[in-house]
Amino acid sequence: INMKKLEWDTKFWGLNIYDMPYSKNVTLSSYNISDERYLIQALVDPKNLSYIHELESKGFRFQEIKVTLMKKILPVNKTVNRFMFKEISPDDLAGSIGIFGELFWRNSRYNVFSEEMVGKFYYTWMINSSLGKMDDKSMGYYVNDILAGFVTYKIRNSSLIIGLFGVMPEFQGQGVAQNLLNFVSEIAIENEVELISVDTQG
């Protein structure tokens with residue numbers, strides 16, 4: 001069994017980052033990692049306590065919970081005002097690195113790094129998605145021409161997969177998230193997608 005190197009993450013953080021697949025016996029020496037600095041993530045079923053204990057005995061520590069939510073597509077009850085939405089351009093994100101750190105740092109697996117670096121990581125993700133390099137689309141919800149919320153997504157097979165989803169701090173609690181979800185549902189229906197999925201972490 002080979003670990004998968006997360007190429008984009010590795011390039012951004014400047015150290016090799018691997019995803020370790022499940023194995024009954026955790027033997028890191030078998031992976032022939034020669035790097036001086038590296039990071040390994042292992043996704044574990046929380047019911048598999050014996051595997052969790054084995055990982056802990058090898059120096060792993062709990063970092064976050066990841067839950068994948070999936071929803072079957074149903075007609076949206078309320079029509080979305082499409083004039084409030086537009087594709088995000090890199091210029092729309094100018095000066096917002098700190099905001100992404102505020103939104104994502106505490107609940108990111110990468111909070112072993114500084115909030116500033118985590119903000120830059122998700123900011124770069126947004127920039128790349130706005131250029132179609134990571135997710136296919138980066139859509140913003142605007143209030144008086146100010147970016148209030150955002151969602152990135154890609155459509156693969158019969159699923160719409162949400163990458164990043166967030167509401168700017170000054171617009172939280174004002175229904176922006178629901179408008180974003182309604183928008184995504186409409187896009188899914190238009191593309192004859194059966195499921196929407198999103199990973200939540202924290």
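Trainee: Where is N157 found?

Mentor: N157 sits in the loop between β7 and β8 (159-167). Helices (H or I, at least four residues) and strands (E, at least two) are DSSP runs, numbered from the N terminus. This is a predicted model, in which local features need pLDDT of at least 70 and side-chain atom pairs count only at pLDDT 80 or more, while totals for chains, interfaces and linings use all residues. Residues are numbered from 1 along each chain as its sequence is written, and side-chain values use heavy atoms, with hydrogens and water left out.

Trainee: Why is N157 called exposed?

Mentor: Buried means under 20% relative accessible area, exposed means over 50%, and partly exposed lies in between (1.4 Å probe, protein chains only). N157 has a relative accessible area of 82%, so it is exposed.

Trainee: What makes the phi of N157 worth a remark?

Mentor: The phi of N157 is positive, about 55°, although N157 is not a glycine. Most residues other than glycine have a negative phi. N144, in the loop between β6 and β7, also has a positive phi, near 55°. At 71% relative accessibility, N144 counts as exposed.

Trainee: Why does Y123 count as buried?

Mentor: Y123 has 18% relative accessibility, and therefore counts as buried. Y123 belongs to helix α4. Leaving aside residues up to four places away in sequence, Y123 touches L93, S96, I97 and F100; contact means heavy atoms within 4.5 Å.

Trainee: How do you know that E87 and K137 form a salt bridge?

Mentor: A salt bridge is a side-chain nitrogen of Lys or Arg within 4 Å of a carboxyl oxygen of Asp or Glu. For E87 and K137 the N to O distance is 2.8 Å, and the two side chains meet in a salt bridge. The pair links distant parts of the chain, with E87 in strand β5 (residues 85-87) and K137 in strand β6 (residues 137-143), 50 residues apart.

Trainee: What makes F62, I65, V67 and L69 a patch?

Mentor: Patches are made of residues with over 30% relative accessible area and no salt bridge; like charges are joined within 9 Å, and nonpolar side chains (Val, Leu, Ile, Met, Phe, Trp, Tyr) within 5 Å. F62, I65, V67 and L69 form a nonpolar patch on the surface, with about 390 Å² of accessible area together. Accessible areas come from the Shrake-Rupley method with a 1.4 Å probe; for residues, only the protein chains shown count as cover. I65 lies in the loop between α2 (49-57) and β4 (66-72).

Trainee: What share of the protein chain is buried?

Mentor: Buried residues make up 39% of the 202 residues. The protein chain has five helices and nine strands.
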